[in-house]
Amino acid sequence: MSAHENAQEGYDFAHPLPLPLLAGTFLVLTLLTVLTVAQASFNFGSLDVLIVMVIATIKAVLVGAIFMHLAWDKPFNIICFIGSFVFVGLFIMATLFDSRQTAKDSIPVTDDAVVSAPAEL
């Protein structure tokens, strides 16, 4: 008999994970955090945000897969998790594109004199 009445075969509510897997995931997350901090000391120009977002995405996927047990969960939950990440990424990209278009630095300034319309007859 399963641990829960509504549990399906192969989808138990909780399952213990081996300690080496948890410790390895913790070490990878720590290394990625150190990499993120170290990246701040270099100037990659406009790629800074992209690099940090890629590292953060890898960390989030590791946390979701291992610590939230999504790697052993129903495929529908994994699809919802990945779909939410895709939409968050799209919203961030749309916001970044919009902020670059509306920033004061990107508005061209011309020194042309104002041309007035000729007087009507």
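Leaving aside neighbours within four places in sequence, which residues is Leu 29 in contact with? They are Lys 59, Leu 62, Val 63 and Phe 67, where contact means heavy atoms within 4.5 Å. This is a predicted model, in which local features need pLDDT of at least 70, side-chain atom pairs count only at pLDDT 80 or more, and totals for chains, interfaces and linings use all residues. Residues are numbered from 1 along each chain as its sequence is written, and side-chain values use heavy atoms, without hydrogens and water.

Leu 29 sits in helix H1, residues 19–39. Helices here are DSSP runs of H or I with at least four residues, numbered from the N terminus. The relative accessible area of Leu 29 is 14%, so Leu 29 is buried (under 20%, with a 1.4 Å probe and protein chains only). Its C-alpha atom is separated by 9.7 Å from that of Ala 56, 27 residues apart along the chain.

Now the largest pocket. It holds about 550 Å³ of space. A pocket is an open set of points on a 1 Å grid over the protein atoms alone, with protein on both sides within 12 Å along at least five of seven lines; lining residues have an atom within 4 Å of a point. The volume is the space filled by probe spheres set on the points.

Of its 16 lining residues, the closest to the centre are Leu 50, Met 53, Ile 92, Met 93 and Leu 96. Helix H2 (47–67) and helix H3 (75–102) each give two or more residues to the lining. H3 gives the most, with nine. Domain 1 (19–73) and domain 2 (74–105) both contribute to the lining, so the pocket lies between them. These domain bounds come from an automatic or database assignment.

Terms used
On a 1 Å grid over the protein atoms alone, a cavity is a set of points where a 1.4 Å probe fits but cannot get out, and a pocket is an open set with protein on both sides within 12 Å along at least five of seven lines; lining residues have an atom within 4 Å of a point. Buried means under 20% relative accessible area, exposed over 50%, partly exposed in between (1.4 Å probe, protein chains only).
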